[in-house]
Amino acid sequence: MNDFRSKLVRTIAPYTAGEQLNDKRYVKLNTNENPYAPSPKAIEALHSFPADSLKLYPPLEMRALREAIAAAEGVAPQNVFCGNGSDEILALCFPAFFDADGQGAAFADITYSFYSVFCSFFHIPYTLLPLEEDFSLDLAKLTALPAQGILVANPNAPTGIGIPLDEIRPFVAQNKGRIVILDEAYMPFFNQSAVPLTEEYDNLLVVKTFSKGYSLAGMRCGYAIGNRALIEGLERCRDCFNSYPVDRVCQVVCAAAIADGAYYAEKNAAVVAERERLHAALSRRGFTVLPSKSNFVFAKHAALAGRTVYEELRARGVLVRHFAKPRIADFCRITVGSCAQNDALLAALDDILRT
Ligand SMILES: *Cc1c(COP(=O)(O)O)cnc(C)c1O
């Protein structure tokens with residue numbers, strides 16, 4: 001039989017998402033979704049959506065959504081780019097800001113694994129900087145690497161470690177000759193966003209998402225904030241691929257969500273409080289837990305292999321994420337759930353540790 005696939009598609013290793021077993025039997029703590037419902041205002045916007053308008057293409061300018069994001073972030077709408085999830089925006093960054101025959105991208109060896117997949121997909125070379133022994137990222141070492149641009153997830157995934165804004169600022173300044181892309185998917189649980197720096201530094205692009213902090217993973221919407229020239233670069237890439245990445249329903253629901261900052265501040269503070277409770281409870285059970293600034297914890301047990309913890313939890317109806325990769329195979333990444341979900345996780349762990 002003929003294989004009609006390109007060489008690229010035959011050989012690339014695509015990103016593997018966490019299992020989406022939305023079976024009620026499972027306590028799902030494996031893909032960093034928010035345990036709380038979206039804002040009542042977002043739900044109301046969905047219920048009152050004029051379904052007959054779906055016969056029309058969505059507004060190209062996405063004016064209402066970009067204005068709502070701009071108002072929440074304290075920037076101008078022309079500095080906002082929206083996409084079908086921040087994964088799509090991160091993907092567009094590679095053709096937008098990197099050349100196949102350039103110095104390539106630089107990022108940590110342990111970070112969001114989509115970055116290297118995108119590099120392979122767009123034929124962009126990349127250099128990995130090993131994280132330190134304690135899984136922190138040495139920004140000076142990253143700055144010293146030859147690269148056309150740099151990507152940093154802050155807080156990082158899957159470690160959860162966050163870099164304070166007062167360290168990000170000099171890092172962006174020292175790299176002013178090249179683009180710095182900050183992936184702030186987990187910033188709602190750290191509150192040290194670099195968005196305010198985008199006015200001052202034309203080399204900084206900050207990418208955010210509605211999936212984690214706004215409880216809208218199922219909606220698929222993300223946004224980027226940066227200098228107008230960077231935004232225009234993303235727009236050109238988008239218009240070479242899909243001019244309408246954000247549908248009408250999504251534009252309306254996400255605009256309503258981001259306008260309800262007070263609701264999310266309260267819910268995300270509750271997630272942070274649960275995160276600290278989980279950290280302490282796991283430590284008491286013999287886990288080493290990295291200091292998380294996100295909505296998950298990365299933990300390794302003194303006696304049990306990471307794979308074993310994952311499998312034994314799964315057998316007891318609790319899903320967490322395990323990465324069979326060098327340096328992190330002993331760890332599991334556990335999403336901070338609701339109080340009841342976290343209690344179920346801890347009860348399952350007690351059962352595993354008893355046997
Ligand atoms: C979840 C996540 C994203 C993006 O998610 P979308 O749902 O595509 O917006 C981006 N970066 C990191 C590090 C993430 O964990």
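Solution. Helices (H or I, at least four residues) and strands (E, at least two) are DSSP runs, numbered from the N terminus. The structure is a predicted model, in which local features need pLDDT of at least 70 and side-chain atom pairs count only at pLDDT 80 or more, while totals for chains, interfaces and linings use all residues. Residues are numbered from 1 along each chain as its sequence is written, and side-chain values use heavy atoms, with hydrogens and water left out.

Next, consider the backbone: phi of asparagine 191 is near 60 degrees, a positive value in a residue other than glycine. The classes are buried (under 20% relative accessible area), exposed (over 50%) and partly exposed in between, with a 1.4 Å probe and protein chains only.

For serine 215, phi is near 55 degrees, again a positive value in a residue other than glycine. Serine 215 lies in the loop between strand 7 and strand 8 (222-226). Its relative accessible area is 13%, so serine 215 is buried.

Task. Identify the buried residues of helix 3, and name the residues with the most contacts inside the largest nonpolar core.

Solution. Start with helix 3 (residues 63-73), where Leu65, Arg66, Ala68, Ile69, Ala70 and Glu73 are buried. These buried residues pack against strand 2 (80-83), strand 7, strand 8, helix 8 (228-238) and helix 9. After helix 3 comes glycine 74, with a positive phi near 70 degrees.

Now turn to the core. A nonpolar core is a set of buried Ala, Val, Leu, Ile, Met, Phe, Trp, Tyr and Cys residues joined through side-chain atoms within 4.5 Å. The largest one has 47 residues, and Leu65, Leu142, Leu204 and Phe210 have the most contacts inside it. Helix 9 (residues 248-259) gives the most to this core, with seven residues. Another core lies apart from it and has 29 residues, including Ile89, Cys93, Phe97 and Leu151.

To complete the picture, examine phenylalanine 210. Neighbours within four places in sequence are left aside; among its contacts (heavy atoms within 4.5 Å) are Leu65, Ile69, Ser215, Cys221 and Cys254.

Solution. A disulfide is a covalent bond between the sulfur atoms of two cysteines. The criterion used here is a pair of cysteine sulfur atoms within 2.5 Å. The structure holds zero disulfides. Cysteine 221 is buried, at 0% relative accessibility, and cysteine 254 is buried with a relative accessible area of 0%.

**Exercise E: The enclosed space**

Task. Describe the largest cavity by its volume and its lining.

Solution. A cavity is a set of points, on a 1 Å grid over the protein atoms alone, where a 1.4 Å probe fits but cannot get out; lining residues have an atom within 4 Å of a point. Grid points are joined across faces, edges and corners, and a volume is the space filled by probe spheres set on the points. The count is one cavity of 30 Å³ or more, and the largest cavity holds about 40 Å³ of space. Its lining consists of Phe107, Ala108, Thr111, Leu137, Leu151, Val152, Ala153 and Asn156. Strand 5 gives the most to this lining, with three residues.

Terms used: 1 Å grid on protein atoms, 1.4 Å probe; cavity = no way out; pocket = protein on both sides within 12 Å on 5 of 7 lines; lining within 4 Å.
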